[in-house]
Each structure stands twice: as C-alpha cells, then as structure tokens.
Amino acid sequence: MLDLPNIFLSITAVCNIGLAIFINRRNRKSPTGFFFALFTIFLAFWAIALIGYSIVDDHFVALYLMKASYVSALIIGVGFYFFSIVYPNEKEPSKLHQFVITALLLAFIIPLFFFSTFFTKFIVEHPWGKETILGLPEYCLFVGLFSFLFVGGLIRTWVKVLRSVGIIRIRLLFVALSVTFAGLLGMYFNLYLPSPFLQDFRYIWSGPLFTFFIATTIVYSIFRFKLFDVRVITAELFTFALWMFILVQTLLAPDPKQQITNALLLIATIIIGIFLIRSVNKEVDSREKLEVLAKKLQTANSRLRELDRQKSEFLSIATHQLRGPLAGIRGHLSLIIDGSYGKMPARAKEVIEKIFFSSGLLTQTINDFLDVSRIEQGSMQYDMKTFECDSLVKEVVEELQPLAKERNLKLSFADECDGQCTVHADYAKLRHIFFNLVDNATKYTEKGWIKATVKKDPKKKILRVEISDSGIGIGKDEIAGLFEKFVRARGASGINIHGTGLGLYVAREMVEVHKGKIWAESEGKGKGSTFVVELPTSSTEARKTS
Ligand code: ADP
C-alpha cells in the first residue's frame, strides 16, 4: 500500500503545497507569486494523483487518476510558462494571452475527461504495478502542448538569465537550474519512458519526487536571495515540516491504537500551527502597515519642515520690511514729543506719547519675531568676546531701575563672584537675555522686590545668574513649557497684555549656543519665581563656539 516511493511522494506533495500556500499568501497581489504558486500546487497534485494511481485497485479510477496526473503536468507547464514571462518584472500577461493558453489547455482536458479512452486507453496489471496504455496521436498532442508550455518557459528563463545582471540574475539562475534539473528528469521518467514506444511505467513515481529539489532550492533562494517577499517563511516551514513528520508517523504506525494517537496529535498540531501562522502573519501585516505609515509620516514630516522653513523665511522678510518704516515713525514721533516741530496742545502730546509707547512695543515684538526666524533659519550671528558678566548684569539692572521705580518695585543687584566672572560670549545676546529676564520680573511682579545675583562655582567653572522676584509665580506644571515658542503661563495676559511668549524661547536658544543652561524655579502661583542662567566661565568650552 504505502510503500517507500509513496511516502516520499507524500512528503514532496506536502512540501509543495506548503510552498504554494505561503508564496501565495505573502505575494497575493503579485502575478509572480500567483503563477509560481500555481506551478507548485500542481506539482503537489501530480504527486498525489500518482500516489492514488498506484494504490487504488479499481482500474477505472486508476485510469482517471492517471488522467489527473497528466492534467496536473499540463497546468504545471502553464504555471511555469507564465512565471517565466512575469518574473521578475511583474508584468501581467495580457488577457488574450491567458485566454489562448487556457483554451489550448481545455481543448486537451475536456476530451481527456469526457472520453475515458482518450489518451489513456486501458490499464494492464504487472507484478511491479500498473501500466497505462497511451494512445499515440493524443500522446504526440500532449508532448507538443507540454513542451510548448514547459520547455518554452525553460528556454525563456534561460534567456532571461543570460540577459540579466546582479541579484536578479542569481535569482533567475536558481529557478532555471532547479526547474531544468527536475524538469528534464521528470520528462525522462514520466514522458519518455511511459511513451507508447517504450511503455515503461515502473518509474513514474520518480518524476514528482524530483520536484522536491525545486522546493528546497526555491526555499533556499528565498532565504538567501529574497526570491519572494516572505518573512513568515520560518514559522510556516517549521509548521509544515512538523505536520509532515507527524503525518508520516501516522501512516507508518504499526497498530491502529498508535495510528489514532498520532492522528489526534496531528489534528492538535494542525490547529496550533494554524494559530501560530495566523499570529505571525498578523504581526507581519501590522509591521508592514507600520512601515507604510512611517513612510507617510516621513513624507509629511519633510513637507512640514519645508513649510516651517518657508514660514520662517516669510516671517523674516515681513519683519524686515516692517522694521524700517517703524524706525522712521518712532524717530519722527520722538522729535514731535521733544518739540522739534513746534509746540502742540497737551492733549495731542498725551496721545502722541501713547503712540510712541505702543510703537516701542511693536518694535520689540518685531525684534522677537526676527530673532525666532533667525534661530529657525540658523542664521543668528554670534560675536564672541571675553568680558566680565557681573558688570553686564549690573548695567541691565541700572537701566531698568527707572521702570522698577515707576512700578514701585525694589530692584537690587548682588555681585557674589568676587570679580571672577569672565565669560567668552556674545555681549549683545547676553544683554538681551538678562534684560528680558529682569524686564519680565518687573512685568510679572505687582508688588515687592526683584533681585539679580551673579555667583560663581569655581569647581565647576560655571557662572550663575539668578533673577528672583516676589511676583505672581508659576504653577509647577507650567514651568517646563515656558521656554517653548508662544507659550505663556495661565493668568500671564491678565498682568501683561502685550506678551508674545517668545522671549524665553529666544533666551533658551541663545543660552544653549553658549553651552549654558536656563531654567525657572517657583514654589507655585503667587509665590514668586527665580530664573537661573548658567554659563561656562571663560574657558576652552566657550571659546570653541566663537
Ligand atoms: P512674554 O513675557 O512676552 O509672554 P516670555 O517668553 O518672556 O514671553 O515669557 C513666557 C511666559 O513666562 C510669560 O508669558 C509668563 O507667563 C511667564 N513668565 C516669564 N517671566 C516670569 C516671571 N518673572 N514671573 C512669572 N511668570 C513669568
């Protein structure tokens, strides 16, 4: 019954079915995947038909199984014929082409199945097995059709091997070599020997066996050269190998009890295997989706970056255009206020002073925008010099003293660095930072004091400037975000309506260019705040940036 050749044929069939399934599953939309799966699945059917032929007793059934084996061989030819056309360019053959080949196939298959004596006449029993007597004209037709399809496909594949280069050539070579090897042997044992001239049916089992070689070569090239896009191959192959192993064990089991145990094991393994393959497939699918999303995100990201760049450019142009006329307006306004154009009524002077104040705020906002666009375009220029930072902070405090007085705030300065606070930095930029911090302190403090302290940590070679106030304070959850663009704390606009939320962002960018740090500390709302700037003292660190 199930002798050694049939066991080998079963193994080959299972291997080819497994191969067909996973190639098709992973390459569902690819014509190459489809035709190669067609090729491999009919290699399996060929083997199964021949197993059936050898084991059934009924000659009529055996005859039809032999017919099925020849039909499988033709479809193998069709699969390979189209594979050789579509691989590797994935160009699907025209509908007309597919129709003509299908019509040719049906022209042979229909009479083959409708007339039991068409091609396969009858069966003769021999001590070594069954022999099918074939009709000569039909045999010639079959050989012609099969050669056109299969041998034609082989020739096309070899031509492609010669014409291609690189990895494509290696992939094609693998397919061409394995299919030529298996195909020629298969044709010898299953076409030439059983022909009406030789009538030798003893080795018909060996043809499908060689297809095992195709399966292993293709699997190898999948691993080695990514012949098909298969990533779940390991899980699937492993599962199929396990099924096959248990199937063979079941078939070879000496007694029915063991056979039943093995069959149950096989069922359990099939169920678990299906779950395993499904979950691996799902994971691969979601990874593939993720890859697509990541690509889309990348595109969106670069588009956003481009838009951001254009926005900065626009901002820079627009603010530059605004700055000039505004400076002119402010110049004239100050001359009017000074009385250079003659005396004017007190009421009008009051209004002009308000306009002058507002134009000052506008200038500041425009300057902030210009700074932001320079930072974003990477075009901020730094003019590095060595100077004493304590005198700079002192200068800023003195400059803002009138403003503090106007708001009834006590603004003080403490120098705790014993004249050792040399920094190598851009003077104007540091001035801008400290001015902004002290100015902010005056804006966000309704009553009380503001204190600017300069300290030095000689061990760490760091200079620390602290601007503390007894003002509105900052909520713990808001502190970290304040240094982002356009971010203002809750309630800030109630006390300072002119704020833009850009000053701290600009300050942080500038401090970081100086290899320093800036942060805010506060015990909470209404508990005052401290802004700290740390800068490396005049050392190699700072000099490098110059
Ligand atoms: P602006 O003051 O123009 O709003 P900044 O970037 O200078 O922009 O400040 C951002 C925010 O940080 C302010 O809106 C305010 O909420 C908060 N802030 C800055 N300095 C202080 C301070 N000394 N006390 C309390 N909050 C402050």
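## Ligand contacts

A nitrogen atom of the ligand is placed 3.0 Å from an N or O atom in the side chain of serine 529. Taken alone, the ligand exposes 530 Å², and the protein buries 97% of that area. The model discussed here is predicted. One is a distance of 2.7 Å between a ligand oxygen atom and an N or O atom in the side chain of arginine 488. In the other, a ligand oxygen atom lies 3.1 Å from a polar backbone atom of glycine 503.

## The shell around the ligand

There are 20 residues around the ligand, and those that come nearest are Asn440, Tyr444, Arg488, Ala489 and Leu504. By class, the shell divides into eleven nonpolar, seven polar and two charged residues.

Where does the ligand sit? Its site is the largest pocket.

## The largest pocket

The largest pocket, in which the ligand sits, holds about 930 Å³ of space. It is lined by 43 residues, of which Gln364, Asn436, Asn440, Lys443 and Gly503 are the closest to its centre. Asn440 is also among the residues that come nearest to the ligand, while the backbone of glycine 503 supplies the polar atom at 3.1 Å from a ligand oxygen atom.

The elements that give two or more residues to this lining are helix H10 (346-377), H12, H14 and S9. Which element gives the most to the lining of the largest pocket? That element is H12, with eleven residues. In composition, the pocket lining divides into 17 nonpolar, 16 polar and ten charged residues.

## Enclosed cavities

Rolling a probe the size of a water molecule over the atoms shows where empty space is left. In this structure there are two cavities of 30 Å³ or more. The largest cavity has a volume of about 260 Å³. Its lining comprises 22 residues, and the closest to the centre are Trp46, Ala73, Phe146, Gly186 and Asn190.

Helices H2 (31-55), H3 (59-86), H5 (136-163), H6 (166-192) and H7 (206-225) are the elements that give two or more residues to the lining of the largest cavity. H6 gives the most, with six residues. How do the residues of this lining divide by class, and how many are charged? The lining holds 16 nonpolar and six polar residues, and no charged ones. For the largest pocket, by contrast, ten charged residues are counted in the lining.

## Backbone features

Most residues other than glycine have a negative phi, and most peptide bonds are trans. Several positions in the model depart from these patterns. The peptide bond from tyrosine 87 to proline 88 is cis, with omega near 0°. Proline 88 belongs to the loop between H3 and helix H4 (95-114), and H3 is one of the helices that line the largest cavity.

Phenylalanine 486 is not a glycine, yet its phi is positive, at about 60°. This phenylalanine is placed in the loop between strand S7 (462-469) and helix H13 (492-495). Lysine 515 likewise has a positive phi of about 60° although it is not a glycine.

Conventions:
Residues are numbered from 1 along each chain as its sequence is written. This is a predicted model: local features need pLDDT of at least 70, side-chain atom pairs count only at pLDDT 80 or more; totals for chains, interfaces and linings use all residues. Side-chain values use heavy atoms; hydrogens and water are left out. A residue is near a molecule or strand if one of its heavy atoms lies within 4 Å of it. A polar contact is a pair of N or O atoms within 3.5 Å; within protein, one must be able to donate a hydrogen and the other to accept it, and residues adjacent in sequence count only if both atoms are side-chain atoms. Accessible areas come from the Shrake-Rupley method with a 1.4 Å probe; for residues, only the protein chains shown count as cover. On a 1 Å grid over the protein atoms alone, a cavity is a set of points where a 1.4 Å probe fits but cannot get out, and a pocket is an open set with protein on both sides within 12 Å along at least five of seven lines; lining residues have an atom within 4 Å of a point. A molecule sits in a cavity or pocket if more than half of its atoms lie within 2 Å of its grid points. Ala, Val, Leu, Ile, Met, Phe, Trp, Tyr, Cys and Pro count as nonpolar, Asp, Glu, Lys and Arg as charged, and the others, Gly among them, as polar. Grid points are joined across faces, edges and corners, and a volume is the space filled by probe spheres set on the points. Helices (H or I, at least four residues) and strands (E, at least two) are DSSP runs, numbered from the N terminus.
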